[in-house]
Amino acid sequence: MDFSLITVNTEDGITTITINRPDKMNALNIQLLGEIDKAFDDVYGNDEVRGVIITGSGAKAFAAGADIAEFSNFTSEKAKEMSVNGHRIFNKIESCSKPVIAAVNGFALGGGCELAMSCHMRLASENAKFGQPEVTLGVIPGYGGTQRLLRYVGMAKGIELLLTADMISAEEALRLGLVNHVTTLEELIPKCKQILQKIMSKSPLVVDQIIACANSYYNKNEDGFELEIDEFGNCFDTDDFKEGTNAFLEKRKANFTGK
Ligand code: COA
């Protein structure tokens, strides 16, 4: 595939998407989001891919937000279009049946923080900084930040961060529950791969079901308990369930096939 603002590399079942605009702090312009969208089409359709890492190039930024220069002259109509498009792509990441980890290697601000929050997990290097500084620009977050930030850090802290534009360190993000782990910059990608490899040893069917059930906790139009009951029952029709339970009883490691 032809990408100019991201690089995409698949190795041992893990696709790494690297945002590649380091001279602009990896700011997410519309073309770049379109490339992430296309990269996820491949993730969705390619059975070889079992997990995804999204990261930023360079040692300074994961992504410092939507591209301010690009949207500064937008009309309200165009801005809504931009927001709808961003929501669609970030929902696509969140709904992915394969685990997606944000490897936050520096600033994750505005749309960058929103992108990280649309992933299933966030790992941060010690130099990472998180924030929603839109209020400073006279605008509100437009890629899900007013909703997902509260989901992770709760109302009290979330509304403080949204209203003050305060940036928080990786350690603070860990304390608040926004990130799963903090590592050195060198250890960031290896640690993401280690977690993905662990998940990849499980049944991909079950991984998909767990992601769907966990997502439904936040979906006001869905009953997560009902979905869990359905999916729990569905597991019993699969080869992977037979393999998993037999392997336990036979005291051996399960070999899941995704069937
Ligand atoms: N959109 C467009 N360009 C951006 C950008 C963004 N969100 N963030 C950074 N850049 C550009 C800068 O304009 C600059 O470009 P230039 O070299 O052509 O002037 C380049 O990236 C480097 O950024 P700079 O501000 O010089 O780096 P810094 O180390 O002094 O500061 C940040 C880094 C991240 C603190 C700062 O760039 C920043 O505050 N960015 C905007 C964050 C933001 O408000 N995001 C929300 C957007 S909705």
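This is a predicted model: local features need pLDDT of at least 70, side-chain atom pairs count only at pLDDT 80 or more; totals for chains, interfaces and linings use all residues.
## Composition of the ligand shell

The shell around the ligand holds 15 residues, and those that come nearest are Lys 24, Lys 60, Ala 64, Ala 66 and Ile 68. By class, ten residues of the shell are nonpolar and five are charged, with no polar residue among them. Two elements give two or more residues to the shell around the ligand: helix α2 (68–71) and strand β6 (107–109).

## The four-stranded sheet

Strand β6 also belongs to an open sheet of four strands, arranged in the order β4-β6-β8-β9 with mixed pairing. Its edge strands are β4 (61–63) and β9 (168–169), each of which pairs on one side only. Between β4 and β6 the pairing is parallel and extends over two bridges. Within this pair, Ala 61 stands opposite Phe 107 of β6.

Helix α4 packs on this sheet, where it touches β4, β6 and β8 (129–131). The direction of α4 makes about 95° with that of β6.

## Packing of α3 and α4

Two packed helices are described by the angle between their axes and the distance between the axes. For helix α3 (residues 76–94) and helix α4 (residues 111–118), the angle is about 30° and the axes are 8 Å apart. From α3, the contact is made by Phe 90, Ile 93 and Glu 94; from α4, by Gly 111, Glu 114, Leu 115 and Ser 118. The residues of this contact comprise three nonpolar, two polar and two charged.

## The six-stranded sheet

The model also has an open sheet of six strands in the order β1-β2-β3-β5-β7-β10, again with mixed pairing. Strands β1 and β10 (181–183) stand at the edges with a single partner strand each, so one side of each has no neighbour in the sheet. From one strand to the next, the twist averages 20°.

Both senses of pairing can be illustrated within this sheet. Strand β1 (residues 6–11) pairs with strand β2 (residues 14–19) in the antiparallel sense over six bridges. Glu 11 stands opposite Ile 14 of β2, and the hairpin formed by β1 and β2 has two residues between the strands. In that hairpin, Asp 12 takes a positive phi near 50°. Strand β5 (residues 100–104) and strand β7 (residues 121–125), by contrast, run parallel and are joined by four bridges. Ala 103 stands opposite Leu 123 of β7.

Notes
Residues are numbered from 1 along each chain as its sequence is written. Side-chain values use heavy atoms; hydrogens and water are left out. A residue is near a molecule or strand if one of its heavy atoms lies within 4 Å of it. Ala, Val, Leu, Ile, Met, Phe, Trp, Tyr, Cys and Pro count as nonpolar, Asp, Glu, Lys and Arg as charged, and the others, Gly among them, as polar. Two strands pair if DSSP finds at least two bridges between them. Axes are lines fitted to C-alpha atoms, for helices over the stretch in contact, and angles run from 0 to 180 degrees between N-to-C directions. Contact means heavy atoms within 4.5 Å.
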